[in-house]
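The entries follow in the order in which I looked things up.

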Amino acid sequence: MPLSGGMTCPNLDGTKGFSGCAYCNNRSFSPVWNLAKVSVEEQIATLLPPLREKYPEAGVLAYFQPYTNTYAPVDRLREILSAALFHPDVAGISVGTRPDCLADPVVELLAELNEKKRVIVEVGLQSAADKTLNAINRRHTFREFQEAVERLRRRGLSVTTHVIVGLPGESVPDFLSTARAVRDLGISAVKIHPLHIVCGTRLAEEYASAEFELLSFEDFCEAVALMILEMGTDVAIERFSGESPGDLLIAPSWSGDRNRIAACVENHLKELKHEGLL
Ligand code: SF4
């Protein structure tokens, strides 16, 4: 169940930058992007009943999704996260954030809450290459990501990360290097996104002026299969598609076609197995 923690992001409010990451349009990646002023309790009251109707037996994970959900003073953060975590129908929370918004007091709070119910921390990475992080205006380094993950894991927290396959200037060796970084840091799960271009972003402008090309469907699926092989069996792959509302998505048209992507990745994995690589 996606929820808004009502926070902004240091890469949008001017603390780190105003323009955000080059691919970012929160409208495109979270259905609750505009609920910042609605309390967590009200959001749950609205969003939970339809979910319960659809999946009556399933455990519910509350996912603080848009913007940066640890970007608030610790006391305020405690109120926001607790409102979801201690809801009787919520089994645990997942908190989406950036590596530079995980100071020790925040990590301590997350670890404390994790002793009551499950807390997963979703830390965005996108690429393990600093040159790419710089080019897409992430405004943090791989080292900062590594340190944040190590501190979270030392306090017993599970970490999920997000990576993008197909960023400008990257190719298979870069994707595999990111996959190895994920594996070597003991990250529990990864969400792999095909680079998809949405309106209102810097990449949309660069794509319109043909400054880079997107991966083909086949090349993306093959890259994902190779990354899965590189990451090994200890990293759960939570997704390898990226849905965006039709009025915002510019390209590629297949980025949200989960079934087609899954079938193609599976075929590539079978080929790798046939070649004795899996
Ligand atoms: S850190 Fe997240 S919310 Fe902030 S600009 Fe980047 S993608 Fe957008």
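**Entry 1: pairing of strands.** I began with E2 and E3, which run parallel and are joined by five bridges. Strands (E, at least two residues) and helices (H or I, at least four residues) are taken here as DSSP runs, numbered from the N terminus. I count two strands as paired if DSSP finds at least two bridges between them. Val60 has Val90 in E3 as its bridge partner.

I note that the model is predicted, that local features need pLDDT of at least 70 and side-chain atom pairs count only at pLDDT 80 or more, while totals for chains, interfaces and linings use all residues. Residues are numbered from 1 along each chain as its sequence is written.

I then followed the other pairs. E1 and E2 run parallel and are joined by two bridges; the partner of Leu3 in E2 is Phe64. Strand E6 (residues 189-194) runs parallel to E5, and six bridges join them; I found Ile164 opposite His193 of E6.

**Entry 2: the whole sheet.** In what order do the seven strands of the open sheet lie? I read the order as E1-E2-E3-E4-E5-E6-E8, with parallel pairing. Strand E1 (2-3) and strand E8 (236-239) each have a single partner strand and stand at the edges, so one side of each has no neighbour in the sheet.

I checked E5 (residues 158-165) for burial. A residue is buried if 20 or more other C-beta atoms, placed from the backbone, lie within 10 Å of its own, exposed if 12 or fewer do, and partly exposed in between. Six of the eight residues of E5 are buried, so this strand is largely enclosed by the rest of the structure.

**Entry 3: Arg239 in E8.** I located Arg239 in strand E8. Arg239 is partly exposed, with 15 other C-beta atoms within 10 Å. Contact means C-beta atoms, placed from the backbone, within 7 Å. Not counting residues up to four places away in sequence, Arg239 touches Lys191 and Ile192.

**Entry 4: helix H2.** Helix H2 (residues 40-54) has 15 residues. The expected span is 1.5 Å times one less than the number of residues; for H2 this gives 21 Å, and the end C-alpha atoms are 21 Å apart, which agrees. I noted a bend of about 30° at Leu48, with a proline, Pro49, following within four residues. The bend is the angle between axes fitted to the seven residues ending at a residue and the seven starting there. Val40, Gln43 and Ile44 of H2 are buried, and what covers the buried residues of H2 includes E1 and H3.

**Entry 5: the nonpolar core.** A nonpolar core is a set of buried Ala, Val, Leu, Ile, Met, Phe, Trp, Tyr and Cys residues joined through C-beta atoms within 7 Å. The largest one has 74 residues, and those touching the most other members are Ala84, Ile93, Val121, Val165, Val182 and Val224. Helix H9 (residues 217-231) supplies the largest share of this core, eight residues. Leaving aside neighbours within four places in sequence, the contacts of Ile93 include Leu61, Phe64, Leu81 and Val119.

Terms used:
Two residues are in contact if their C-beta atoms, placed from the backbone, lie within 7 Å.
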